[in-house]
Amino acid sequence: MSAPAHLPAPAASASLASAPAASGPTPAELLDFVRRTAVDAELIASLPLDPEGRTWIRLDGPAGSEAWLISWPPGTGTGWHDHGGSHGAFATAAGALHEDSLAARLPTEGWKTLELAEGVDRERQLSAGEGRAFGRHHVHEVRNDSGTEHAVSVHAYYPPLPLMRRYSRTGPVLRLEQVERPEEWQ
């Protein structure tokens, strides 16, 4: 995986970035930011694409949020994870991404294995220009199902990610595998 870079957010986000936010940006405000950032052709073109693994650039998100521009080589994905209690949004800037998510609130502590009820699975395809916001209990996996085309996306989280919990899934069984801290991905 390529080393991350750090860039300021595009000029289009200046009004949100300078607005005071006592409790931080809402998921809707983050969605607006990632959608506007995803159409910044110069920024998207600045992201190096690596055929072997995802690359990323850290951005300055609005009102103290954390934001990332991420490339997705064909066939890559995140695996199941959550965002450590942060809410957020992401938008596809190029290509298409597939998201599988759970429509269930999971306990955050005190478990290693859960059996999921029927009917909690959700899925969506997000083509270039499409995005979605999510709450602080969101558990999902995102992937580029294309066999030939890179995808690029913009993500924003508030508060900045305190941790990410990684899960494995076999049928209805979700298992907590790892807890990652920011120093492991920055």
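Reader: What span should helix H2 have, and how far apart are its end C-alpha atoms?
Author: In this predicted model, H2 covers residues 27-38, which is 12 residues. At 1.5 Å a residue, H2 should span 16 Å, and its end C-alpha atoms are 16 Å apart, so the two values agree.

Reader: Which residues of H2 are buried?
Author: Leu30, Leu31, Phe33, Val34, Thr37 and Ala38 are buried in H2. They cover an arc of only 160° around the axis, which means that they sit on the same side of H2.

Reader: Why would residues three or four places apart point the same way?
Author: An α-helix has 3.6 residues a turn, so residues at that spacing point the same way.

Reader: What about arginine 35, then: is it buried or partly exposed?
Author: Arginine 35, which also lies in H2, counts as partly exposed because its relative accessibility is 40%.

Reader: Which residues does arginine 35 touch?
Author: Leaving out residues up to four places away in sequence, arginine 35 touches Ala91 and Gly131. Arginine 35 and threonine 92 are 57 residues apart in sequence, yet their C-alpha atoms are 8.0 Å apart in space.

Reader: Let us turn to the largest nonpolar core. Which of its residues touch the most other members?
Author: This core has 19 residues, and those touching the most other members are Val34, Ile44, Leu59, Leu69, Val152, Val154 and Ala156. Two or more residues come from each of H2, helix H3 (41-46), S2, S3, strand S5 (87-94) and strand S11 (151-158). H2 gives the most to this core, with five residues.

Reader: What lies apart from that core?
Author: Another core, of 14 residues, lies apart from it; among its members are Trp56, Ile70, Trp72 and Phe134. In soluble globular proteins, nonpolar side chains tend to be buried together.

Reader: Back to alanine 156. What is it in contact with?
Author: Apart from neighbours within four places in sequence, alanine 156 is in contact with Leu30, Phe33, Val34, Glu66, Ala67, His87, Gly88 and Ala89.

Reader: Moving on to the strands, how do S2 and S3 run?
Author: Strand S2 (residues 56-60) and strand S3 (residues 66-72) run antiparallel and are joined by five bridges. Leucine 59 has alanine 67 of S3 as its bridge partner, and arginine 58 has tryptophan 68.

Reader: And how many bridges join S3 to S11?
Author: Seven bridges join S3 to S11, and these strands run antiparallel. Glutamate 66 stands opposite tyrosine 157 in S11.

Reader: How many residues of S3 are buried?
Author: Seven of the seven residues of S3 are buried, so S3 is largely enclosed by the rest of the structure. Glu66, Trp68, Ile70 and Trp72 point one way from S3, while Ala67, Leu69 and Ser71 point the other way. In a regular strand the side chains alternate between the two faces of the sheet.

Reader: Could I hear about one of them, isoleucine 70: what does it touch?
Author: Isoleucine 70 is buried, with a relative accessible area of 12%. Not counting residues up to four places away in sequence, isoleucine 70 touches Leu47, Arg54, Thr55, Trp56, Ala151, Val152, Ser153 and His155. Isoleucine 70 and arginine 54 are 16 residues apart in sequence, with their C-alpha atoms 6.8 Å apart in space.

Reader: In the hairpin of S2 and S3, which residue takes a positive phi?
Author: The hairpin has five residues between the strands, and alanine 63 takes a positive phi near 50°. Most residues other than glycine have a negative phi, and most peptide bonds are trans.

Reader: Is alanine 63 buried or exposed?
Author: Alanine 63 is buried, because its relative accessible area is 18% and the cut-off for buried is under 20%.

Reader: Where is the cis peptide bond?
Author: A cis peptide bond joins tyrosine 158 and proline 159, with omega about -10°. Proline 159 lies in the loop between S11 and strand S12 (164-170).

Reader: Lastly, the whole chain: how many helices and strands does it have?
Author: The protein chain has three helices and 13 strands. Of its 186 residues, 49% are buried. The chain exposes about 8,900 Å², and carbon and sulfur atoms supply 52% of that area. Among contacts between residues at least 6 apart in sequence, 76% join residues at least 24 apart.

Conventions
Residues numbered from 1 in each chain as written. Predicted model: local features only at pLDDT ≥ 70, side-chain atom pairs only at ≥ 80, totals over all residues. Heavy atoms only, no water. Pairing = 2+ DSSP bridges. Helix = DSSP H or I, 4+ residues; strand = E, 2+ residues; numbered from the N terminus. Buried < 20%, exposed > 50% of the residue type's maximum accessible area, 1.4 Å probe, protein only. Contact = heavy atoms within 4.5 Å. Areas by Shrake-Rupley, 256 points an atom, 1.4 Å probe, with all protein chains shown as cover. Expected span 1.5 Å × (residues − 1). Arc of directions from axis to C-beta. Core = buried A, V, L, I, M, F, W, Y, C linked by side-chain atoms within 4.5 Å.
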